[in-house]
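Work through the exercises below with the sequence and the model at hand. Try each task before reading its solution.

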Amino acid sequence: MESRNSCWEKPDMTAGHDVKTGAMVVLPDAEAVAQHMAKWLTAQALAKKDGPFVLALSGGSTPRRLYQILASAEYRDRFPWAKTQFFFGDERFVPESDAASNYNMVETEMLAHVKVPPGNVHPMPTSGDPVQAAAQYQAELAAVYGGKTLEPGRPLFDVVMLGLGDNGHTASLFPRQPVLEEKKLWVSTCVPDDAPHTRLTLTYPAIHSSRHVVFMLAGAGKHEAFARVRAGDPAEPASHITTEGELIWLMDKAAAGQ
Ligand SMILES: O=C1O[C@H](COP(=O)(O)O)[C@@H](O)[C@H](O)[C@H]1O
């Protein structure tokens with residue numbers, strides 16, 4: 001993030017589990033979180049010199065305001081849209097026109113309003129067989145990565161954006177699901193037992209292959225799940241997120257429990 005000033009503190013991530021110690025940024029409210037992320041993301045994208053800026057977007061309600069800000073007059077002409085490859089961290093297996101579609105939300109709030117080359121936008125396929133769709137998306141990622149095997153030191157993503165569901169899921173890595181054991185595939189299916197829709201999701205190894213992972217949290221509704229992850233609860237999928245780069249928790253005071 002911008003600087004390690006007073007809004008930064010080292011998180012108290014309990015040792016002995018798989019959460020890599022990251023940076024924790026606590027801001028007054030959800031608007032400040034979205035504004036901070038817009039500024040930081042734009043700076044990261046502009047700073048990328050060698051090759052495309054590869055971004056995995058999150059869905060759900062939390063990043064909606066961020067996408068509106070990036071499409072606003074302040075950022076529309078500053079963000080390097082043509083240099084950025086937009087992937088999705090997860091998707092509900094519904095048509096793109098469905099209100100539950102993460103792509104639909106991002107398209108409506110941001111992509112429809114900016115000059116992004118159509119070939120730079122990579123929605124997860126959501127028709128036919130979900131397993132084949134996951135394989136198809138992995139091939140699309142591999143084409144941009146320039147290889148079918150993830151190499152340590154050569155991250156797939158510049159930034160992976162993540163949210164945190166009230167039940168502890170992140171991307172579409174839901175508690176108790178087989179996808180949590182996936183060690184090879186980059187993209188897999190997940191059929192949650194406590195949420196609607198079959199999902200496609202990036203797996204732990206794909207998320208790990210990143211320069212930055214940023215969790216964005218806002219609202220008191222996130223606090224219990226965050227507290228469990230912070231305490232290292234191994235049942236929380238977000239507790240096992242790692243990156244070969246920098247892990248950042250960006251949240252408002254309510255989510256932090258302050
Ligand atoms: O189902 C999903 O939920 C998470 C969290 O969403 P939020 O609405 O609680 O912010 C989101 O990160 C993910 O992309 C989405 O598919």
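**Exercise 1: Confidence**

Task: find what pLDDT (the predictor's confidence in each residue, from 0 to 100) says about residues 1–20.

Solution. Over residues 1–20, pLDDT stays under 50. The model still has 58 contacts (heavy atoms within 4.5 Å) beyond four places in sequence for this stretch. Where pLDDT is low, the predicted coordinates should not be read in detail. The protein chain as a whole averages a pLDDT of 91.

This is a predicted model, in which local features need pLDDT of at least 70, side-chain atom pairs count only at pLDDT 80 or more, and totals for chains, interfaces and linings use all residues. Residues are numbered from 1 along each chain as its sequence is written, and side-chain values use heavy atoms, with hydrogens and water left out.

**Exercise 2: A salt bridge**

Task: describe how the side chains of Asp 158 and Lys 48 meet.

Solution. Step one: they form a salt bridge (a side-chain nitrogen of Lys or Arg within 4 Å of a carboxyl oxygen of Asp or Glu), with N to O at 3.1 Å. Step two: Asp 158 lies in strand β6 and Lys 48 in the loop between α1 and β3, so the pair ties together parts 110 residues apart in sequence. Strands (E, at least two residues) and helices (H or I, at least four) are DSSP runs, numbered from the N terminus. Step three: both residues are buried, that is, under 20% relative accessible area (1.4 Å probe, protein chains only).

**Exercise 3: A buried charge**

Conventions. Buried means under 20% relative accessible area, exposed over 50%, partly exposed in between (1.4 Å probe, protein chains only).
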